[in-house]
Amino acid sequence: MTALSIFIFVLTIPAVAAPSTFYVSPDGDDADPGTIDQPFATLDQARLAVRSRLTAGISEDIWVYLRGGVYRIESPIVFDPQDSAPPGFFVHYVAYEDERPVISGGRLIDGWTDHGDGTWTTTVPGVATGDWTFREIFVNGQRRQRARHPNSGFLYVAGPNPAVGDETRFSFSFAPGDLPTGTNLAGAEINMLHEWTTSRVRIANVDQTARTLTTDQPLGAFGLIHSIFQTDDHPRYAVENHPSLLDAPGEWYLDEPTGQLTYRPMPGEFAATAEVVAPIAKELLVARGDFDDGTPVRNLRFVNLAFEHCAWALPPGGYSTYQSGYYEQRGLIPYELPAAVKFEVAEGCELLRTKVSHCGGWGLMLGAWCRNCSLTGSIVTDIAGNGVLIGEDRYRRVGNAQWVDSNGDQVAYNNQATSNIVQDCGVVFQGSAGLWVGLTEKSSIRNNLIRRIPHIGLSAGGFWNDLESPARELLIINNRLQDIVQLMSDGGAVYTVGWQPLSAIRGNLISGIPSAPGLAQNTGIFVDEGSTGFTILDNGIFDVDDALFKFHYAGENSLVSNTLRLSSPGAEAYYFQSTDISDITQINNVIIDPSSPPAGCEYPVCGEAASAGLLMEHEAWIYFDRDGDGVADFEDACVERRPGDVSGDGEINGLDIAEMVRVLTGDVSDSDNYCAADTDGNGIVNPADADVFLQSLLQP
């Protein structure tokens with residue numbers, strides 16, 4: 001064959017198309033090509049393969065499928081503009097079929113010894129050498145409490161320490177018998193509640209003779225808390241993280257000098273089979289564009305992925321907040337807790353049916369300079385601080401000035417949170433919010449379920465005055481907020497602050513707000529400092545012990561066609577504090593006295609907020625409404641049941657075989673059985689679970 005014929009022959013060979021689909025599996029290998037038969041092992045390797053494909057140019061979307069199982073990481077997966085899809089295309093990172101991939105920032109802790117006295121111990125590598133420590137552990141998927149006193153609730157400060165006079169931020173007196181004797185509790189952590197803010201600082205000493213407690217760092221933020229008694233004569237507190245407090249099932253203590261972890265198991269937990277995880281990664285996924293030139297990371301889409309186990313350590317100066325988890329800097333540059341999943345300088349990115357849980361900081365953030373991004377049909381739960389954040393606070397620096405002084409065009413724009421479950425946030429830093437919206441323009445918060453929050457359910461605004469800011473045209477529509485402000489004071493289900501023209505709070509259903517334990521009321525909708533420009537209409541509010549609306553230094557706003565059902569005859573519907581009533585336009589609002597409700601008005605409200613709550617298309621298919629709360633969600637799964645205990649008798653035995661067969665053949669109507677049958681933890685029950693089940697059954 002001549003050289004010319006060889007050349008012609010080569011030209012006629014069809015070009016092999018570059019792949020536009022990649023696969024990842026916990027059992028894969030990053031040296032493999034990323035096919036379904038030879039998948040990558042890590043999401044980061046898939047990201048690099050996608051980047052290479054993007055560089056070559058694409059004419060169709062790129063898909064990355066993650067197989068079920070746990071992907072353990074110790075540093076975040078980071079996306080930047082080079083990982084972006086070009087206009088008109090997406091890069092999809094999705095769960096494969098019905099499998100459940102979990103990106104976990106935690107390490108497994110094993111090697112337990114059951115001492116038979118109600119305690120297990122193990123030595124955790126890296127702790128004694130100072131390479132690792134942690135503030136949370138999770139056992140069989142549930143957060144466990146560091147050794148704490150009291151075991152539930154809070155103690156009450158007896159009064160000032162007479163020996164130190166006016167200095168109340170480092171010392172106070174406690175009542176006889178409140179704190180355990182035989183130890184000075186040095187090094188333990190005190191958690192104090194200051195009405196709407198909190199502190200967590202180290203204890204220096206407890207003097208049982210003088211009945212005084214002294215701290216290493218000040219309680220309360222300067223400029224906000226001049227005395228721990230300014231809002232309450234007897235503020236609440238608890239003490240954590242000391243071996244003398246380890247006295248209840250579910251509590252644990254880590255001895256850092258030796259690395260020994262001691263745990264008191266809950267009933268039904270077994271040292272041989274318990275899955276114990278402690279977080280090490282501070283962030284799990286970060287998608288960040290270029291802050292210098294504004295180039296975004298764009299068109300990334302994440303579907304049916306779970307992110308869990310994320311760490312945050314208190315700063316050396318302790319933790320005292322201003323509001324909603326933003327803490328006093330005390331000489332440090334950072335003031336935000338890290339979010340497990342964070343987008344910044346991002347455009348057109350989507351998160352659909354994402355689960356974020358078991359976080360030591362914040363949950364999920366569509367933050368600085370995010371545009372046209374969305375969070376939809378997702379679950380955010382068991383978060384130490386704020387659950388979901390959209391936009392940013394006012395403190396980002398651009399050169400020598402705050403960014404809002406000269407760079408208002410960088411405001412987060414047209415981001416959406418739709419039909420998400422946001423719950424059990426603020427579980428460590430109780431002054432946090434379920435869903436926080438900062439400086440944004442045209443953001444939309446619709447059809448979310450927000451519940452079981454110790455302070456504010458949904459907080460919106462950036463400036464604490466009525467001056468013009470980048471915040472405007474915010475829509476808070478058709479959300480269901482229940483059991484909000486369960487612990488703190490001076491809060492509300494929906495809370496606003498600052499000038500936000502052309503904004504609306506419409507069609508929300510609000511309930512379950514107890515009376516405030518401090519001086520300031522808790523309320524359904526709290527229109528606070530400088531709030532101006534809101535139209536508040538067609539909301540239903542009931543089961544609120546204090547006033548249903550509160551206005552504090554509020555500007556011009558409108559209330560139209562809201563229905564307020566009082567908790568008792570003669571209760572207060574509106575509380576105007578330092579607000580000119582004439583600034584609040586009131587049209588066709590209905591106040592229902594429970595002793596004489598209007599004819600034809602069904603409890604709790606009269607048709608308002610009929611569309612509040614989750615959209616049906618985003619309910620999880622795997623669950624049944626076992627707990628009867630009207631929502632089929634992950635809480636209906638077997639949170640108290642061991643994998644393999646399909647019959648639910650507390651043991652893995654022959655009784656589980658028949659139930660396992662029922663699940664495998666589809667003859668099951670109980671989500672407990674289904675979840676317990678998912679023995680390999682990938683979110684779907686299939687024959688592979690039978691193999692794991694048999695191993696558990698045969699384990700001595």
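**Strands, pocket, salt bridges and a helix**

Analyst: In this predicted model, strand 11 (residues 142-146) and strand 20 pair in the parallel sense, over two bridges.

User: Which residue of strand 20 does glutamine 145 stand opposite?

Analyst: Strands 11 and 20 pair in the parallel sense, and they follow one another in the order 7-22-10-11-20-21-9-8 of an open sheet of eight strands with mixed pairing. Within strand 20, the residue opposite glutamine 145 is glutamate 251.

User: Which strands stand at the edges of this sheet?

Analyst: The sheet is open, with eight strands in the order 7-22-10-11-20-21-9-8. Two of the strands have a single partner strand each, so one side of each is left without a neighbour in the sheet. These are strand 7 (106-109) and strand 8 (113-114).

User: Which element gives the largest share of the lining of the second largest pocket?

Analyst: About 620 Å³ of space lies in the second largest pocket, and of the 28 residues that line this pocket, the closest to its centre are Thr133, Arg135, Glu256, Ala313 and Leu314. Two elements give two or more residues to the lining, strand 17 (197-207) and strand 20 (251-255). The largest share, three residues, comes from strand 20.

User: How many residues of that lining are charged?

Analyst: The second largest pocket is lined by 28 residues, with Arg135 and Glu256 among those closest to its centre. Divided by class, the lining has 17 nonpolar residues and four polar ones, while the number of charged residues is seven.

User: How many residues apart in sequence are the parts tied together by glutamate 350 and arginine 301?

Analyst: Glutamate 350 forms a salt bridge with arginine 301, and the closest N and O atoms are 2.8 Å apart, which falls within the 4 Å cut-off for such a pair. Glutamate 350 itself is partly exposed, at a relative accessible area of 26%. Glutamate 350 lies in strand 31 (residues 350-352) and arginine 301 in strand 25 (residues 300-303), so the pair ties together parts whose separation in sequence is 49 residues.

User: Are glutamate 344 and lysine 342 buried or exposed?

Analyst: The side chains of these two residues meet in a salt bridge, at 3.5 Å from N to O. A residue counts as buried under 20% relative accessible area. Glutamate 344 has 11% and lysine 342 has 9%, so under that cut-off glutamate 344 is buried and lysine 342 is likewise buried.

User: In the salt bridge of lysine 442 and glutamate 473, which residue counts as buried?

Analyst: The two side chains meet at 2.6 Å, N to O, and the pair links distant parts of the chain, 31 residues apart, with lysine 442 in the loop between strands 43 and 44 and glutamate 473 in the loop between strands 46 and 47. Lysine 442, at 31% relative accessibility, counts as partly exposed. At 18%, the residue that counts as buried is glutamate 473.

User: Within what arc do the buried residues of helix 4 fall?

Analyst: In helix 4 (residues 655-664), the buried residues are Asp656, Glu659, Met660 and Val663. An α-helix has 3.6 residues a turn, so residues three or four places apart point the same way. Seen down the axis of helix 4, its buried residues line one face of the helix, because they fall within an arc of 105°.

Conventions: Residues are numbered from 1 along each chain as its sequence is written. This is a predicted model: local features need pLDDT of at least 70, side-chain atom pairs count only at pLDDT 80 or more; totals for chains, interfaces and linings use all residues. Side-chain values use heavy atoms; hydrogens and water are left out. Buried means under 20% relative accessible area, exposed over 50%, partly exposed in between (1.4 Å probe, protein chains only). Helices (H or I, at least four residues) and strands (E, at least two) are DSSP runs, numbered from the N terminus. The arc is that of the directions from the helix axis to the C-beta atoms. On a 1 Å grid over the protein atoms alone, a cavity is a set of points where a 1.4 Å probe fits but cannot get out, and a pocket is an open set with protein on both sides within 12 Å along at least five of seven lines; lining residues have an atom within 4 Å of a point. Grid points are joined across faces, edges and corners, and a volume is the space filled by probe spheres set on the points. Ala, Val, Leu, Ile, Met, Phe, Trp, Tyr, Cys and Pro count as nonpolar, Asp, Glu, Lys and Arg as charged, and the others, Gly among them, as polar. Two strands pair if DSSP finds at least two bridges between them.
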